[in-house]
Amino acid sequence: MIHKHAQYYLSHLKGDIPAGIVVFLVALPLCLGVALASGAPLFSGMIAGLIGGLVIAWLSGSHVSVSGPAAGLTVIVFNAIETLGSFQAFLVACVLGGVLQLGLGFLRAGIIGAFFPSAVIKGMLAAIGLILIMKQLPHATGYDASIESDESFMQGTAGSTMYDIATALHAISPGAVVISSVALLILIIWDFSFFKKRAIFKLIPAPLIAVCWGVAYNLAALKYAPEWAVNASHMVNLPISETPADFLKQFSFPDFSALSNPQVYSVAVTIAIIASLETLLSLEAVDKLDPLKRIAPTNRELKAQGVGNILSGMIGGLPITAVIVRSSANINAGGRTSTSCFVHGLCLLISSMYFAMYLNYIPLACLAAILLHTGYKLAKPALFKEFYQKGFSQLVPFMVTVGAILATDLLEGMAIGMAVGMVFVIRANFHAAVTLTQTNSHYVLALNKDVSFLNKARLRKFILHIPENSTVVIDASKAQFIDHDILETIEDFLAAAPDDNIKVELIDLYGKERLQKYEPIKVIEEVPAKPAPAVVADQQSATDSLVLS
């Protein structure tokens with residue numbers, strides 16, 4: 001059995017190793033960029049990438065999913081570091097979040113992702129995209145006046161953030177603008193179908209080209225036009241290790257005295273919920289992309305992510321989730337097993353141990369351009385147009401979630417979006433429970449699914465709509481439960497119907513929820529559920545689809 005298992009991985013090795021290198025090239029700037037956007041040490045992004053590749057790759061049940069620091073958690077991390085007062089205190093929350101995720105896995109909570117409306121999830125991602133764009137504009141322009149305040153979008157108002165962005169126009173670095181503009185152009189061009197169809201461009205990730213451009217430009221500018229170069233404060237600044245012992249000294253550890261701070265637990269719950277949700281959604285998308293159509297076990301994935309976040313928090317890393325960008329890059333590059341994810345983690349480890357001095361040549365403007373592009377993809381205008389076309393019931397939860405997250409924070413905004421989303425879900429079910437269709441003077445009053453006392457007002461409205469000299473079929477064959485209040489309302493209608501010369505036929509009305517049947521007065525006939533009377537079938541086939549609501 002073990003031999004067969006090893007043979008399976010060896011058979012895919014020739015595709016997994018190149019794919020792992022490609023994922024590394026995509027992940028390297030993203031690990032640094034997410035750490036930058038989170039206001040955390042840049043090395044913490046590398047640690048999260050290492051754990052995602054070296055540990056979670058083997059614990060996860062997914063063969064092609066890649067885990068690491070995610071843009072979706074940048075807002076939470078930045079706010080938490082400010083709120084808790086130090087990065088070491090935040091690491092405690094990361095560890096606790098991992099413990100909660102591990103617990104969710106054992107409680108078989110992997111199904112929770114299915115209970116979040118799509119409009120709310122996409123609203124959350126769109127809001128994160130907008131925040132990423134606003135937070136990275138100062139880095140893209142080389143704005144020196146107040147980088148810290150520009151990062152803290154969620155701590156201020158939208159107006160103050162826009163004011164800071166406008167102020168940045170008076171303190172820009174021309175070199176940073178050139179680097180970020182060209183890097184952004186490279187990322188956009190790489191998405192054109194002409195480039196996507198070429199195998200060579202699939203193997204060379206756009207973020208890598210953007211980073212190479214920034215490094216080459218800045219080295220040339222330092223030599224030939226120093227005034228157009230980017231200064232040291234706007235460069236990647238990873239600690240350089242001379243020996244493996246020096247590398248180990250770069251890890252930071254949680255300050256467990258922060259356990260006395262109640263806010264730590266609030267941050268931990270937020271990390272656990274958002275990281276789990278993002279992981280489950282990414283996993284669902286990755287399963288659809290997997291050429292071999294394997295389905296990853298969600299509960300095992302939550303356990304793997306929980307262990308990963310515990311380890312990441314213990315050694316100074318950012319929170320980890322499964323990430324769709326790196327996972328899709330892995331699949332497109334030919335990755336078929338966990339080996340490719342492990343190779344990507346190994347490459348991150350080697351680069352951070354031995355090549356940190358070269359990584360420090362990367363201008364932050366390059367990473368800002370990558371994050372601006374990521375933010376645009378999350379909040380592109382086409383997404384807003386799509387929800388507008390889907391109608392009011394989808395647009396409102398989507399827009400409310402976006403606005404609430406921008407006005408408050410991620411967790412509160414999600415809660416508000418969920419509340420609004422649930423209102424529309426309940427409203428849709430409420431409307432579907434009782435329907436009235438009309439064909440000339442024939443009406444079909446259908447009771448569907450569960451019909452509770454909440455539907456009584458709607459039922460009365462429909463009854464009042466039925467004119468004199470009509471024929472009505474009350475069809476309860478699809479109802480699983482009918483509240484006693486609904487029966488009373490129908491029986492009152494049956495009692496009054498002869499006065500208006502309304503003929504009534506009943507289909508399977510009684511017997512729901514073991515209610516004792518007693519005959520209402522003046523009922524023409526109660527027809528069994530099967531077979532339905534021909535007259536009803538004829539009426540339904542000829543209906544003009546007038547549904548009253």
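## Enclosed and open spaces

Helices α3 (42-59) and α17 (338-354) each supply at least two residues of the lining of the largest cavity. The model described here is predicted. With three residues, α3 gives the most to the lining of the largest cavity. The space in this cavity is about 60 Å³. Among the residues that line the largest cavity are Gly 52, Ile 56, Ala 57, His 63, Glu 301, Ser 338 and Cys 341. By class, the lining of the largest cavity comprises three nonpolar, seven polar and one charged residues.

The count of cavities of 30 Å³ or more comes to two. The second largest cavity has a volume of about 40 Å³, and its lining includes Val 34, Ser 38, Pro 69, Leu 73, Thr 74 and Leu 318. Helices α2 (13-38) and α4 (74-84) each provide at least two residues of that lining.

The largest pocket has a volume of about 1,800 Å³. It is lined by 48 residues, of which Ile 324, Val 325, Arg 326, Ser 328 and Lys 377 are the closest to its centre. Helix α19 (residues 364-378) gives the most to this lining, namely seven residues. The lining of the largest pocket divides into 32 nonpolar, seven polar and nine charged residues.

## Salt bridges

The model contains four salt bridges. Three of them are set out below.

| Salt bridge | N to O distance |
|---|---|
| Lys 377 and Asp 191 | 3.6 Å |
| Arg 294 and Asp 290 | 2.9 Å |
| Lys 390 and Glu 386 | 3.0 Å |

The side chains of Lys 377 and Asp 191 meet in a salt bridge. This pair links distant parts of the chain, 186 residues apart: Lys 377 belongs to helix α19, and Asp 191 to the loop between α9 (174-189) and α10 (193-196). Lys 377 is partly exposed, its relative accessible area being 44%. Asp 191 also counts as partly exposed, at 30% relative accessibility.

How accessible are Arg 294 and Asp 290, buried or exposed? Arg 294 counts as buried because its relative accessibility is 17%, and Asp 290 counts as buried because its value is 2%; the cut-off for buried is under 20%.

Lys 390 and Glu 386 are four residues apart in helix α20 (residues 381-390), so about one helical turn separates them. Lys 390 is partly exposed, with a relative accessible area of 41%, and Glu 386 is partly exposed at 28%. Salt bridges that share partners join Lys 122, Glu 386 and Lys 390 into one network.

## Aromatic contacts

Lys 390 also takes part in a contact with a ring: its charged end sits over the ring of Phe 387, 4.7 Å from the ring centre.

The count of aromatic pairs comes to eleven. One of these is the pair of Phe 247 and Phe 251, which is edge-to-face, with 5.3 Å from centre to centre and 85° between the planes. Both Phe 247 and Phe 251 are buried. Elsewhere, Tyr 9, Trp 58 and Phe 342 form one aromatic cluster.

Terms used:
Residues are numbered from 1 along each chain as its sequence is written. This is a predicted model: local features need pLDDT of at least 70, side-chain atom pairs count only at pLDDT 80 or more; totals for chains, interfaces and linings use all residues. Side-chain values use heavy atoms; hydrogens and water are left out. Rings of Phe, Tyr and Trp (its six-membered ring) pair if their centres lie within 6.5 Å; planes under 30 degrees apart count as stacked, over 60 as edge-to-face and the rest as tilted. Buried means under 20% relative accessible area, exposed over 50%, partly exposed in between (1.4 Å probe, protein chains only). A charge sits over a ring if NZ of Lys or CZ of Arg is within 6 Å of the ring centre and within 35 degrees of the ring normal. On a 1 Å grid over the protein atoms alone, a cavity is a set of points where a 1.4 Å probe fits but cannot get out, and a pocket is an open set with protein on both sides within 12 Å along at least five of seven lines; lining residues have an atom within 4 Å of a point. Grid points are joined across faces, edges and corners, and a volume is the space filled by probe spheres set on the points. Ala, Val, Leu, Ile, Met, Phe, Trp, Tyr, Cys and Pro count as nonpolar, Asp, Glu, Lys and Arg as charged, and the others, Gly among them, as polar.
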